[in-house]
Amino acid sequence: MSARRDTEPDTRVPWPLAVPAVLAVLFLLLPLSGLLLRTPWTELPQLLAEPAALQALRLSLITATAATALSLFLGVPLAWVLARSRRPGISLLRAFVTLPLVLPPVVGGVALLMAFGRRGIFGQYIYEYTGFSLPFTVWAVIIAETFVAMPFLVVTVEGALRSADRGLEEAAATLGSGPFATFRRVTLPLIWPSLIAGSVLTWARALGEFGATATFAGSFPGTTQTMPIYIYETMQSEPDAAIALSLVLLVVSVTVLALLRDRWLNSGTRL
Amino acid sequence: MAQQRDPAVSAPVSTSSLIEGLDADVQVSRGAFALSAHVRVPGGEVLAVLGPNGAGKTTLLRTLAGLIPLRQGRISIAGTVWDDPATDVFKDATERRIGLVFQDYRLFPHLSVLDNVAFAPRARGVKRAAARAHALETLQTLGLDALAARRPAQLSGGQAQRVALARALASGPAMMLLDEPLAALDARTRLEIRSELRRRLTSFSGPSIVVTHDPLEALVLADRILVLEEGRIVQTGTPAEVARRPVTEYVARLMGLNLYAGRLIDPAHGRIRLDSGGELIAASIPEGLPADAKVLAVLAPTAISLHLGELPEGSPRNVWAGTVSGVELLTDRVRVAVKGAPDALVDVTAAAVAELRLTPGLEVQLSAKAGEVTAYPAP
């Protein structure tokens, strides 16, 4: 036994771990402080009130919210199927639908273009019969964002459904409640916190979407030029405007982190 | 007495009341485990299903509830078929109208007590206001209306148990099923809820089945007890019959009795040769039993006397030697396990333990009067 009689476990950090850890913190935080230091704080209100900036901001908010709504409508049922179905091939299906989590977004954009472009596999028929071409419209933005962000919702909700108490669903069944009524009246309220968390995550991911959107929807001010694309395009010509909008996205990110702190800041991530 | 025969035979009921009741021939298997039991419960009767862990009690309950489909057999209630693999009829839990009280209650944590109780009427299409009115009425009947606005998390164990019962009753069930309803309660609450539960179930007009591993619960709650062991019915009868004349070691132990299986070697003198070695003499033997008939004999631990060396005056007709193998303190006495021919559990006072210095390995003499030995035909 050592002479130390602390009841606390030993918390000294060996230097081969401490030094890289400090470097890692600096590496992650220095760029953000650079952004904060270079922000033209006094001109910030005018910069954000610029019509072009406002337009990008509004478009981003609308499309991210629409993408989240679409993800909820399609993703929650998908999560339920993935969590509850015992059919063979479900795990393979899960792998495929969560692929966009790791797929480079720009590849997603190319894939969307190949599928729904004017001359795409499905898009050519849509164009032929309706005269409607999806790419480079606001709908394309929403679809690109949903494609990239929906898996976040699916994964979060599926995890919640898996760990939800099946016994309560059984109890509901014995009380005469059919499967869909049970889902609506018992399961959904039980997984509510995860549903909120998944929606916030999805929304934040959609808001920051760049690669797929730029590829599939392009960059038309007012229709497809979302905030990240606007920032990228104005960085050379008007860096102050780009920095101002970057700050907005940073604030959104910090807010999301604060909202999800119970799930993430406690050790042991449960996505 | 018929102990192991068909329950409908040992508890005679008219056919008309059977129509109101449950008639279930349950055959299911899960892996190596197979459950095969024919259960009949007339309307208004409370049947306790008693058995050790893994006997198939919960499987039986889940089968009746429609949570597990039958492999073979048939379940019908009040003339309506719920499950019949032969004709491919299967009504699932949603359609069965059963009031199932789970061991862990399974109250919906996001709903108030009132909405928990109103859940079943709502699920069956009753408008919210009407469902709540019905729920409130049920809560009032059970004296629980003060809890209506609470969430399940704000209830004590006893309150949660009552609410679970209220929720099951409010669904207008054709049958009540209760899975270890008192197991999650502390001893004092259990005592209180037990008598209340007995009243509620007695006033329920359909059949009720209570699954339990607690013999006292079965004795107090039920009109009839069915003992399930390893997926088979080993005994059915009234609580008094089961308590007095257990047919298996498991039930005998639950009832606190020494049970011996043997053969009647001398009907005139009541001599029984025990399978485990030794002999017992019973003062009376059921009439008409031939020599060599298989019989069971029970002897209460309190009816056996334990001595060191000299036997006392008087002449108990059963005397045998043994070795103390264990001493266990019960609440008001000490139970001594003795190895011998036959083995026996003997109840003595704590003072006797001290006086006789009873420790494992000690040689003792046991004696029991013939009048204390109850013998009956083995099933």
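Guide: Let us begin with a definition: a residue counts as buried under 20% relative accessible area, as exposed over 50%, and as partly exposed in between. Please bear in mind that this is a predicted model.

Visitor: What makes A:F220 partly exposed?

Guide: The relative accessibility of A:F220 is 42%.

Visitor: How do you know which class A:W80 and A:F183 belong to, buried or partly exposed?

Guide: A:W80 has a relative accessibility of 33% and therefore counts as partly exposed. A:F183 has a relative accessible area of 13%. The limit for buried is under 20%, so A:F183 is buried.

Visitor: How many aromatic pairs does the structure hold?

Guide: Over all chains, the structure holds six aromatic pairs. In one of them, the ring centres of A:W80 and A:F183 are 6.5 Å apart, with the planes at 80°.

Visitor: Why is the pair of A:W80 and A:F183 called edge-to-face?

Guide: Rings pair if their centres lie within 6.5 Å, and planes over 60 degrees apart count as edge-to-face. The planes here stand at 80°, so the pair is edge-to-face. A:W80 belongs to helix 3 (residues 51–84) of chain A and A:F183 to helix 9 (residues 179–190) of chain A, so the pair ties together parts that are 103 residues apart in sequence. A:W80, A:F180 and A:F183 also form one aromatic cluster.

Visitor: What describes the aromatic pair of A:F136 and A:F220?

Guide: For A:F136 and A:F220 the distance is 6.2 Å centre to centre and the angle between the planes is 85°, an edge-to-face pair. A:F136 lies in the loop between helix 6 (123–130) and helix 7 (138–163) of chain A, and A:F220 in the loop between helix 11 (211–217) and helix 12 (227–234) of chain A, so the pair ties together parts that are 84 residues apart in sequence. At 42% relative accessibility, A:F136 counts as partly exposed.

Visitor: Which residues of chain A does UniProt list under "transmembrane region"?

Guide: The unreviewed UniProt entry lists several spans of chain A, including residues 57–83 and 186–204. In the model, residues 57–83 of chain A are 100% helix and 0% strand, with end C-alpha atoms 36 Å apart. Residues 186–204 of chain A are 95% helix and 0% strand, and their end C-alpha atoms lie 28 Å apart. The unreviewed entry also places the feature "domain: ABC transmembrane type-1" at residues 57–260 of chain A. Over those residues, chain A is 76% helix and 0% strand.

Visitor: What does chain B contain in helices and strands?

Guide: Chain B has 13 helices and 21 strands. Its C-alpha trace spans about 80 × 50 × 35 Å along the principal axes. Of the 379 residues of chain B, 51% count as buried.

Visitor: How do you know what helix 7 of chain B should span?

Guide: Helix 7 of chain B has 14 residues (residues 128–141), and at 1.5 Å a residue they should span 20 Å. The end C-alpha atoms are 20 Å apart, which agrees.

Visitor: Which residues in helix 7 of chain B are buried?

Guide: B:A131, B:A135, B:T138 and B:L139 are buried in helix 7 of chain B. They cover an arc of only 100° around the axis, which puts them on the same side of the helix. On the other side, B:A129, B:E137 and B:T141 are exposed. The buried residues of this helix pack against helix 5, helix 6 (119–123) and helix 8 (157–170) of chain B. Just after helix 7 of chain B, B:G143 takes a positive phi of about 70°.

Visitor: Why is B:R106 called buried?

Guide: The relative accessible area of B:R106 is 18%. The limit is under 20%, so B:R106 is buried. B:R106 sits in the loop between strand 7 (98–101) and helix 5 (113–117) of chain B.

Visitor: What does the side chain of B:R106 reach?

Guide: The side chain of B:R106 reaches the backbone oxygen of A:G167 at 3.4 Å. Among the residues that B:R106 touches are A:L168, A:E170 and B:R167.

Notes
Residues numbered from 1 in each chain as written. Chains lettered and ligands numbered in written order. Heavy atoms only, no water. Helix = DSSP H or I, 4+ residues; strand = E, 2+ residues; numbered from the N terminus. Buried < 20%, exposed > 50% of the residue type's maximum accessible area, 1.4 Å probe, protein only. Polar contact = N/O pair within 3.5 Å; in protein donor to acceptor, adjacent residues only side chain to side chain. Contact = heavy atoms within 4.5 Å. UniProt positions renumbered as here; feature names shortened; annotations may be inferred. Expected span 1.5 Å × (residues − 1). Arc of directions from axis to C-beta. Phe/Tyr/Trp six-rings, centres within 6.5 Å; stacked < 30°, edge-to-face > 60°. Lists of a residue's contacts leave out its neighbours within four places in sequence.
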